[in-house]
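Subject: Structure for your review

Dear colleague,

Please find below the structure that I am handing over to you. I would be grateful if you kept it open while reading the notes that come after it.

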Amino acid sequence: YSCMSSSDLSLSDTNMGTSSSPSVSESASAVATGAISRPSLFGSQLPWADPAWYRAHASPYYGPSHAAFRLKVRAFVDKELTSSNCTAWDEKKALPRAIFKKAFEAGLLPGVVGPPWPTALVGRSFNPYPAGTNGPNAEFDAFHELILVDEICRCGSGGVVWGLVEGLQIGLPPVLLFGSQALRERIAPSCLRGDKVICLCISEPTHGSDVANLKCDAQLSEDGTHYVVNGEKKWITNGMFADYFTVAVRTGKPGSAHKGISFLLIERNMPGVSTRQMLCSGVWASGTAFVTFEDVKVPVDNLIGKQDEAFKYIMYNFNHERWGFVVQANRFARVCLEESAKYAMKRRTFGKRLIEHPVIRWKLAEMARQGEATHAALETLTYQMCTMNKTEQNAKLGGDIALLKVQATKVFEYCAREAAQIFGGASYVRGGQGEKVERLYREVRAYAIPGGSEEILLDFGVRDAVRRYESQSKM
């Protein structure tokens, strides 16, 4: 994915203080003290429809605030992200603007950018408890974010999930982490509150994973007041309805590769910005766009971080982006399993229910064992994120997250296929009993390719492991 390893990222010159140690989260504290809780039953209890701790399995990772937050998120999803809404928004290829505001009012939307909770920007502290209830104060940690994204994905629509959270999750962090204080204060609050939408623009028609060789050009004006941007971006999630575009551009000379890339915050109302809908196999509601910049004048104040140094910012952002893909793909695999189990318990063939056929039970078992293993690995990595600062995460977790992203998307692909086989013809029809399976089957590639294709991430995972081994051997 890059010609730099995660350990090459030196961010001590940024304004976010990434070298400091993280505060101990509720999850990390529970593990350290041995205060392992046994949660109550939660959810449908259909076999493997939810993670193990929903089935009252003891867990070292979740405390009272996580259980309360789970209830809060589920209430929002069950009310707002209904099957009928997801279908309507998919067909319309856009989400209503009101849903972003509702997600903020429910106390959820700011969480998708990851910990810590951006209290200074949104004017409210993190509150994990549903309306009318309260409990001890809690700091928002990676397990709260895991719950948030995982529960939202229960809707069974990658388009709705991406439409609601993906642009914000990957497009705003560069502004939060590396933008000037003035830029953060002007842009971030409206995005976190659901009033505006932001997206990330890196991929181009000729460059996807090859980030170092992107071509979108930005030339500094002779008077030094603005950049003139020309180029194209492709497969841009939320691009059709975004107000802001976090854009990777080439400010260095031709051939400068990763040393000549910068980040600019481009605004839709700037002359020369245009978008057109891309007709993709899936994730329709996410507003995937082909974005064109023609002589767009961007004030130098919209430069994010330092000129020519954005490649390391992009790499810094990838761990969290890929971790988010793992959470989403893993829950979508679970949705396929859940829908299959429900269908198998009521559908009758050859005089008995599908669940009574050994081959169907074998399919469900294969789906379950892969999904449960992936979730266990996800929780292990998420715990590491709770105990490491960002710099340490980038140095130690990049390869592991890359491999887990491949694991999650392969399991998702397997479960989508097996679910389609269990549903038979019902999985080949848009709408009806097999609606979620039909939709998710189309959306597998949207997870296997973005954020780093499987082939590139597998290679990166090995290279990263070898690099760390060899560097330790020299010590």
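This is a predicted model: local features need pLDDT of at least 70, side-chain atom pairs count only at pLDDT 80 or more; totals for chains, interfaces and linings use all residues.

Overall form

The chain contains 16 helices and ten strands. Its C-alpha trace spans about 80 × 50 × 50 Å along the principal axes. A compact globule of 475 residues would have a radius of gyration near 23 Å, and the chain, with 22 Å, therefore agrees with that expectation. Of the 475 residues, 58% count as buried, that is, under 20% relative accessible area. Among contacts with a separation of 6 or more, 77% are between residues 24 or more positions apart.

The nonpolar core

The largest nonpolar core is made up of 138 residues. Leu81, Leu172, Val229, Ile266 and Phe412 have the most contacts inside this core. Helix H10, which covers residues 310–346, supplies the largest share of the core, with 19 residues.

Leaving aside residues up to four places away in sequence, Leu81 touches Phe76, Cys86, Trp89, Ile99, Ile152, Cys155, Val160 and Leu164.

The second largest pocket

This pocket has a volume of about 720 Å³. Its lining consists of 32 residues, and those nearest the centre are Trp162, Ser203, Trp235, Ile449 and Pro450. By class, the lining has 16 nonpolar, eleven polar and five charged residues. Several elements each supply at least two lining residues, among them strand E1 (198–201), strand E3 (226–236) and helix H14 (435–443). Helix H10 also belongs to this group. The largest share of the lining, four residues, comes from helix H7, which spans residues 158–171.

The cavities

The structure holds six cavities of 30 Å³ or more. The second largest cavity has a volume of about 60 Å³. Which helix gives the most to the lining of this cavity? Helix H7 does, with four residues. The lining residues include Gly163, Leu164, Gly167 and Leu168, together with Phe100, Cys191 and Asn238. By class, six residues of the lining are nonpolar, three are polar and one is charged.

Helix H7 gives the largest share to the lining of the second largest pocket and the most to the lining of the second largest cavity.

Yours sincerely,
A colleague

Technical notes: Residues are numbered from 1 along each chain as its sequence is written. Side-chain values use heavy atoms; hydrogens and water are left out. A nonpolar core is a set of buried Ala, Val, Leu, Ile, Met, Phe, Trp, Tyr and Cys residues joined through side-chain atoms within 4.5 Å. Buried means under 20% relative accessible area, exposed over 50%, partly exposed in between (1.4 Å probe, protein chains only). Contact means heavy atoms within 4.5 Å. On a 1 Å grid over the protein atoms alone, a cavity is a set of points where a 1.4 Å probe fits but cannot get out, and a pocket is an open set with protein on both sides within 12 Å along at least five of seven lines; lining residues have an atom within 4 Å of a point. Grid points are joined across faces, edges and corners, and a volume is the space filled by probe spheres set on the points. Ala, Val, Leu, Ile, Met, Phe, Trp, Tyr, Cys and Pro count as nonpolar, Asp, Glu, Lys and Arg as charged, and the others, Gly among them, as polar. The radius of gyration is taken over C-alpha atoms; the globule rule is 2.2 Å times the number of residues to the power 0.38.
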